[in-house]
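User: I want to go through the labels on this model one by one. For each, tell me what it rests on.

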Amino acid sequence: MNERRSGRPTGVLFDIDETLVDLRTAMGNTLREITAKDLAHFTEEDWAAYQHLYAADPQGYYDRYLAGELSFSRQRLLRVAHAQEVHGLPAFDDDAAEAWNAAYDQTLPQHFQAFTDVMPVLDELDALGIPYGAVSNNVHDYQRAKLDAAGLERIRILVGIDAVDAAKPDPAIFLEGVRLLGTAPAQTLYVGDNPVVDGRGALNAGLKPLWIERSGNPELRAAYPDLPVAGDLTAVSAVVSGSELPS
């Protein structure tokens with residue numbers, strides 16, 4: 001048995017987006033709300049494809065933001081510009097882009113919601129006296145506001161990319177979360193939805209990884225046989241109660 005996977009965790013760190021907060025749904029609802037008038041001709045299939053393309057970010061603009069190549073607003077505008085182009089829609093001029101970004105900023109927080117499996121897990125961690133927090137690939141203040149808007153004010157420990165000038169999968173950002181929890185890396189569970197950034201990133205930093213893969217895609221899961229995987233956060237309860245990580 002891998003030593004890092006054995007034993008009951010004494011602390012838990014979570015990713016935020018798509019692990020605690022259903023960001024894809026929030027982004028999709030926001031896109032639809034702020035562009036419904038201009039895209040009134042869209043079918044439901046069109047909307048699904050447009051929303052998916054924006055959220056999936058196949059051009060990697062968010063990664064370029066993390067690398068310091070783009071501002072946060074710029075990566076967002078490039079993502080929607082790509083979705084516009086693919087759907088044969090006109091590009092935004094500067095004024096339209098500014099108005100779109102302002103509307104997006106104002107509307108998105110209204111749609112932030114925690115997944116339904118989050119609160120029961122946090123309740124159990126509180127009952128067991130196990131400290132928990134979040135480590136996220138965005139800046140602290142933005143993610144703090146997101147957690148609060150999603151009803152997750154109780155998550156007080158939060159590490160953003162501005163804390164140590166590093167982003168996941170860099171070990172430094174994971175270890176800053178461990179430091180704030182006051183736990184040891186080998187006894188800290190890290191829970192996230194991205195197998196590379198979260199799963200292997202946590203593993204390489206010496207933490208116990210738990211990959212949350214909500215779609216149940218067997219081919220995707222088979223691509224990462226080294227990572228414990230579960231379909232939702234109920235697996236966290238099993239782990240902190242002393243059960244083995246799923247495999």
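Analyst: Start with the salt bridge: a side-chain nitrogen of Lys or Arg within 4 Å of a carboxyl oxygen of Asp or Glu. This is a predicted model, so local features need pLDDT of at least 70 and side-chain atom pairs count only at pLDDT 80 or more, while totals for chains, interfaces and linings use all residues. Residues are numbered from 1 along each chain as its sequence is written, and side-chain values use heavy atoms, with hydrogens and water left out.

User: What makes Arg-221 and Glu-213 a salt bridge?

Analyst: Their side chains meet at 3.1 Å, N to O. The cut-off is 4 Å, so the pair qualifies.

User: Why is Glu-213 called buried?

Analyst: Buried means under 20% relative accessible area, exposed over 50%, and partly exposed in between (1.4 Å probe, protein chains only). Glu-213 has 6%, so it counts as buried.

User: How many salt bridges does the structure hold?

Analyst: The structure holds 13. Another one joins Arg-64 to Glu-69, with the closest N and O atoms 3.1 Å apart. Arg-64 has a relative accessible area of 34%, so it is partly exposed.

User: Which parts of the chain does the Arg-154 and Asp-123 pair link?

Analyst: The two side chains meet in a salt bridge at 2.8 Å, N to O. Arg-154 sits in the loop between helix 7 (140–149) and strand 3 (157–159), and Asp-123 in helix 6 (residues 118–128). They are 31 residues apart, and the pair links distant parts of the chain. Helices (H or I, at least four residues) and strands (E, at least two) are DSSP runs, numbered from the N terminus. At 28%, Arg-154 is partly exposed. At 41%, so is Asp-123.

User: What makes Asp-93, Asp-94, Asp-95 and Glu-98 a negative surface patch?

Analyst: Patch members have over 30% relative accessible area and no salt bridge; like charges are joined within 9 Å, nonpolar side chains (Val, Leu, Ile, Met, Phe, Trp, Tyr) within 5 Å. Asp and Glu count as negative, Lys and Arg as positive; His and the chain ends are not counted. These four residues form such a patch. Asp-95, in helix 5 (residues 94–107), has 61% relative accessibility, so it counts as exposed.

User: How do you know which strands pair in the sheet?

Analyst: Two strands pair if DSSP finds at least two bridges between them. Strand 1 (residues 11–14) has four bridges to strand 4 (residues 188–192) and three to strand 2 (residues 132–135). Both counts meet the cut-off, so both are pairs. Strand 2 also has three bridges to strand 3. Val-12 stands opposite Leu-189, Leu-13 opposite Gly-133, and Gly-133 opposite Ile-157. The open sheet of six strands has the order 3-2-1-4-5-6, with parallel pairing.

User: Why are strand 3 and strand 6 at the edges?

Analyst: Strand 3 and strand 6 (229–230) each have a single partner strand, so one side of each is left without a neighbour in the sheet.

User: Which residues cover the two faces of strand 1?

Analyst: Gly-11 and Leu-13 lie on one side, Val-12 and Phe-14 on the other, and all are buried. Side chains of a regular strand alternate between the two faces of the sheet.

Notes. Accessible areas come from the Shrake-Rupley method with a 1.4 Å probe; for residues, only the protein chains shown count as cover. The place of a charge is taken as NZ of Lys, CZ of Arg, CG of Asp or CD of Glu.
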